[in-house]
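Biologist: Please take a close look at one part of this complex, the place where two of its chains meet. Which parts of the chain build that side, and how far can the prediction be trusted there?

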Amino acid sequence: MELAYVVVIILLSLGMYTIITKKNLIKIVMGFTILESSLILLLILVSYKPGGAAPILDKPYEIVVDPIPQALALTAIVIGASVTAVMLAVVIKIYKRYGTLNVDELRKLRG
Amino acid sequence: MEAAVWLIILPLLTAFFIGISKLYFKKILAPLVTGSAIIYLYLLILVINHSYPPKVYNVGAWGLMGINLMVDPFSAMFLLMIAILFLPVIIFSVKYIKSHKHKYFIFTYLMTAGIAGMVLTADLFNLYVFLEVSSLSSCALVALKNTNKGIEGTFKYLIMSTLGSFFILLATILTYSLTGTLNMAEISLEFKDIPFQIKSTLMSFFVFGYVIKIGLIPLHAWIPDTYEDSPIPYNVLSSGLVMKSAVYALIKVLYIIFGIDFLDQSGMLHIGVFWGVITFIVAHLLAYQQSNLSRLLAYSSVAQIAYITIGLFVGTEGGLIAGNFHILNHAIMKGTLFLVTAIFYYSLSAVKIEDIKGLGYKFPILSFIFVVASLAIVGLPPFNGFISKWLIVEAAIESGFVYAGFFILVGTFLSLTYYLKVIVTLYTKTEKELLIVKPTLSLRLPTIFLGSLCILFGIVPSIPLSLINKIPKFLLDNGEYIRILLGG
Amino acid sequence: MSRMNAMFKKLYKLVLVVSLAIFLFIVFDEIHNLDNNSKRYLSEHYISEGVQETGAINIVTSVLYDYRAFDTLGEATVLLTAAAILSFLVPLGKDKMLGTTFTMIVSQTTKFFIPFLAVLGAYLILFGHLAPGGGFVGGVVMAVIPILLTITYRVEFSEYKFKPAKKKLAEDIGAIGFILLGLVGVVTGSNFLANGQANFGPGNTGELISAGLIPFLNLMIGIKVGAGLAIIFNSLIKEK
């Protein structure tokens with residue numbers, strides 16, 4: 001259980017590190033995707049109960065995991081995917097206009 | 001309270017119908033959007049009238065099992081703001097927007113639906129979902145003109161707003177894992193047993209996430225870029241509603257879930273006031289250096305939101321009333337300024353301050369309104385901005401934040417300098433021949449309406465204050481709010 | 001000097017991230033140590049009563065389309081917004097990356113697969129309240145069909161088979177249908193998006209036509225998500 005939280009933290013810091021240090025716009029978008037996935041993993045962890053069954057109750061189960069975070073995770077995935085798609089479209093647009101994806105060069109081109 | 005849920009559905013339905021009408025019958029766009037906005041205005045007035053005592057609406061009739069909408073005076077004040085701004089902006093945009101007209105209205109309606117959802121909902125995760133709806137469609141509107149600056153602004157906006165949403169979602173998930181519920185009232189009750197450190201950590205996540213969306217210093221850098229090259233009627237809604245709705249969500253989360261006692265203990269009130277003071281001083285200094293009119297108004301928005309933050313974080317009844325009154329006034333004043341700017345842009349594509357030289361003699365009424373609104377935003381009597389600013393200073397000094405009161409006076413002089421610069425340019429005679437496209441009545445009428453509200457609320461502030469006076473009762477004492485939401 | 005500066009900057013960011021990580025570790029540890037699993041009365045209610053109250057066996061579906069259906073409306077709106085943004089942001093130009101033509105094996109396999117994908121998608125959508133799946137997953141599988149066509153036969157062919165205007169229409173109809181189904185609750189005297197509480201006759205639990213409106217809501221979301229994702233993919237790939 002503790003180990004899984006460590007994985008969440010590693011993913012989260014990895015995403016954060018990517019966003020604040022990388023210069024390439026695509027890599028920044030990737031950083032956001034990593035951040036999203038860390039949150040989804042956290043949601044799954046919140047719903048987890050040891051020995052629980054999936055919340056599909058075709059017959060009575062002893063322990064069933066919490067269904068709410070799973071529903072929230074689905075919502076979060078869809079929202080994250082939409083935001084990522086929009087970001088990529090904007091990155092494509094920027095590349096088309098300036099011919100570069102490097103943040104520093106963009107700043108220079110703008111003057 | 002059937003009307004409350006219609007406030008969210010109607011803009012959504014309108015947006016989807018515009019999407020269909022774009023494919024098959026293009027002609028009906030103007031009547032469709034105007035008609036829908038008029039019905040929306042009626043619904044808003046209906047809901048605002050029944051906002052006291054607060055009402056709860058269960059979506060799906062699940063009671064506490066599902067999602068609840070709640071109309072209390074605080075949300076009614078925001079609905080009043082939508083009511084004042086939305087119809088004028090729609091009428092203005094029908095004439096003003098030339099390219100991607102259908103998309104513009106789709107996104108505007110989606111954004112309004114998102115803001116109405118944020119304002120009405122009493123569920124933490126639902127708040128996040130509607131926040132995403134409003135900020136994503138707001139990003140789309142920034143990109144609408146498809147210019148280099150616009151695209152860059154969109155990217156910055158997307159990055160910052162996603163980062164903010166990330167922290168808000170993180171805090172929401174942790175709150176769920178601590179309390180097992182997402183209803184704000186139940187969370188607030190469960191939070192009484194949570195240790196102090198964990199609560200303050202959660203609070204810092206919420207504050208950080210929302211402050212990015214509000215745009216206090218040093219997280220403000222994206223705001224001027226998004227204002228610079230976007231459709232100007234959108235800026236009216238952006239500064240009036242989108243940024244304010246983040247303020248609303250922050251205040252609601254802090255005051256309802258954490259409660260005023262905890263805010264006082266953890267020192268959040270002091271941090272908020274201090275942050276506000278720093279922000280408006282820096283923003284005023286930055287605004288002074290701008291030559292682009294939209295950027296100047298954007299920095300001025302940052303500063304005004306800092307005043308609002310001070311008012312709301314003072315933590316007394318007077319402070320909350322003052323802050324809320326300033327929210328309303330700022331929406332009206334900035335709306336007026338942006339609409340006049342939009343007309344200048346429409347008539348002779350004026351972007352820089354020097355472009356508007358001498359227009360004071362060409363557009364006497366509009367320029368007069370511009371002067372009124374800018375004096376109001378600086379905070380001179382007898383306009384509405386003066387009253388709310390005065391109330392903020394009074395509340396700050398009463399509860400011991402004397403430095404905040406002092407710096408607000410300093411800030412007033414700072415803002416006077418750059419607004420005077422604009423006004424003087426406006427009335428400087430110029431020899432240059434100007435090619436002017438005459439603005440039609442549908443452009444002038446909304447502007448004059450908002451401008452006259454600046455004067456009206458300055459002379460008779462009791463009209464909005466009768467609604468605003470009821471707000472502190474439900475924020476300072478969250479027990480009342482919780483009791484109503486739980487159906488007691 | 002500037003190299004020192006750059007190194008210092010990098011180190012500073014690294015320290016920032018590491019301290020965030022340590023901070024989060026402490027917070028998670030403390031939250032984990034608090035015994036908070038006893039507080040899950042809401043989810044326990046869903047698990048113990050959800051099948052009777054909503055008629056759906058899949059509790060995640062009943063949370064998504066009944067207890068918290070309003071969230072689903074919001075997220076469907078977000079997806080629609082994204083599709084609308086993409087369709088105006090990147091409307092022009094032809095596909096560039098697909099200059100190569102594939103061998104016959106690829107195109108034949110694609111043709112062979114498409115009916116299976118359609119059946120799988122329809123199954124996931126329609127049985128969403130009984131088995132793992134639902135509108136979102138089924139919609140994604142449905143969207144794979146135009147995406148496969150785009151990848152193997154170029155965008156032109158894919159858009160000839162599925163016209164962009166038709167996809168846009170399907171997306172809007174899905175979203176409007178969701179709201180109209182929600183309004184059925186209002187018409188019958190209950191609240192918006194009411195389903196389990198509005199007595200539509202949950203039917204025999206476990207059958208295809210059961211759980212009130214949930215299968216229809218699933219269908220609407222399936223149409224919407226499928227069309228929306230196809231629009232998003234084709235818009236992204238068309239950019240030149």
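Modeller: In this predicted model, 42 residues of chain C are in contact with 42 residues of chain B, where contact means that the C-beta atoms, placed from the backbone, lie within 7 Å. On the side of chain C that touches chain B, two or more residues each come from α1 (2-33), α2 (41-54), α3 (59-67), α4 (69-89) and α7 (164-187) of chain C. Helices here are DSSP runs of H or I with at least four residues, strands are runs of E with at least two, and both are numbered from the N terminus. α4(C) gives the largest share of that side, 13 residues. By type, the side of chain C that touches chain B holds 23 nonpolar, 10 polar and 9 charged residues; Ala, Val, Leu, Ile, Met, Phe, Trp, Tyr, Cys and Pro count as nonpolar, Asp, Glu, Lys and Arg as charged, and the others, Gly among them, as polar.

As for confidence, the mean pLDDT of chain C is 82, and 90% of the residues score at least 70; pLDDT is the predictor's confidence in each residue, from 0 to 100. Within chain C, α2(C) has the lowest confidence, with a mean of 81, and helix α5 (residues 104-126) the highest, at 89. For the complex, the predictor gives an ipTM of 0.94 and a pTM of 0.93.

Residues are numbered from 1 along each chain as its sequence is written, and chains are lettered from A and ligands numbered from 1 in the order in which they are written. Local features need pLDDT of at least 70 and side-chain atom pairs count only at pLDDT 80 or more, while totals for chains, interfaces and linings use all residues.

Key. Contact = placed C-beta atoms within 7 Å.
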